[in-house]
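Please look through the sequence and the model below before reading on. The paragraphs that follow begin with one folding unit and then widen to the chain and the confidence of its prediction.

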Amino acid sequence: MYEIFLADDEMWITIGLRKLIERSGLPFRVIGEANDGITALEEIGEKCPDVVFTDIRMPGITGLELLERISKSKPDIKMVLISGYAEFEYAQRAMRMSAFDYLLKPIEQEKLDEVLKRLLRTFEKERAIAEEPMEQEEEKEAPEVGQSVLDRIVGKLIQTILRLQSFRKNTGSVSGI
């Protein structure tokens, strides 16, 4: 089950979005909500969700500022920006800042389901890439005498990081905007 955090200054939007996510039938659940950017930033830091849906215009910290801060401190969190404004400038800035997607209000079930399915495929690909080095290592014989356990762990971590970076460059995290 993947965890989602919702941030929107309009409470009826977070209520409606929560219901749409539940209706999707996909393995996502909402673990928190905030009605302003500052609260959202604090709670996201504590709860570490897999995905954040955030409105662009919120009091305290805007959705774009939230995106910028989260992508620096927790780059694995996928960010989906939502807005009632169909302004190209917002979508363009979101793309430059590595947003996963950009949805217009009112959010329709079909469009949300498309984004959730793409998120699910992305998470599955990332998991497969992260597990690949471990599977290859298990097939190898015992390590050479004298090689420390720490060296092997560091090597695995570096391989995983490089594969994730390569995956992100090859697939792009803003497709579909």
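Strand β3, helix α3 (residues 63–73) and strand β4 together form a right-handed β-α-β unit, where right-handed says that, with the strands pointing away from the viewer, the path from the first strand over the helix to the second runs clockwise. Helices (H or I, at least four residues) and strands (E, at least two) are DSSP runs numbered from the N terminus. The model is a predicted one, in which local features need pLDDT of at least 70 and side-chain atom pairs count only at pLDDT 80 or more, while totals for chains, interfaces and linings use all residues. Residues are numbered from 1 along each chain as its sequence is written, and side-chain values use heavy atoms, with hydrogens and water left out.

Within this unit, β3 (residues 51–55) pairs with β4 in the parallel sense over 5 bridges, pairing being assigned if DSSP finds at least two bridges between two strands; T54 has L81 of β4 as its bridge partner. Strand β4 is also joined by 4 bridges to β5 (residues 101–104), and these two strands run parallel, with I82 standing opposite L103 of β5.

How many residues of β4 (residues 78–83) are buried? The strand is mostly covered, with 6 of its 6 residues buried, where buried means under 20% relative accessible area, exposed over 50% and partly exposed in between (1.4 Å probe, protein chains only). Both faces of β4 are covered, K78, V80 and I82 being buried on one side and M79, L81 and S83 on the other.

Seen as a whole, the protein chain has 6 helices and 5 strands, and from the N terminus on its elements follow the order β-α-β-α-β-α-β-α-β-α-α. Of its 177 residues, 38% are buried. Among contacts (heavy atoms within 4.5 Å) between residues at least 6 apart in sequence, 70% join residues at least 24 apart.

The confidence of the prediction is expressed by pLDDT, which the predictor gives for each residue from 0 to 100; the chain has a mean of 83, and 73% of its residues reach 70 or more. Confidence is highest in strand β1 (residues 2–7), at a mean of 98, and lowest in helix α6 (residues 149–171), at 62. Over residues 142–147 the pLDDT is below 50, and this stretch has 2 contacts in the model beyond near neighbours in sequence. Residues 173–177 likewise stay under 50, although the model has 18 contacts for them beyond four places in sequence. Where pLDDT is low, the predicted coordinates should not be read in detail.
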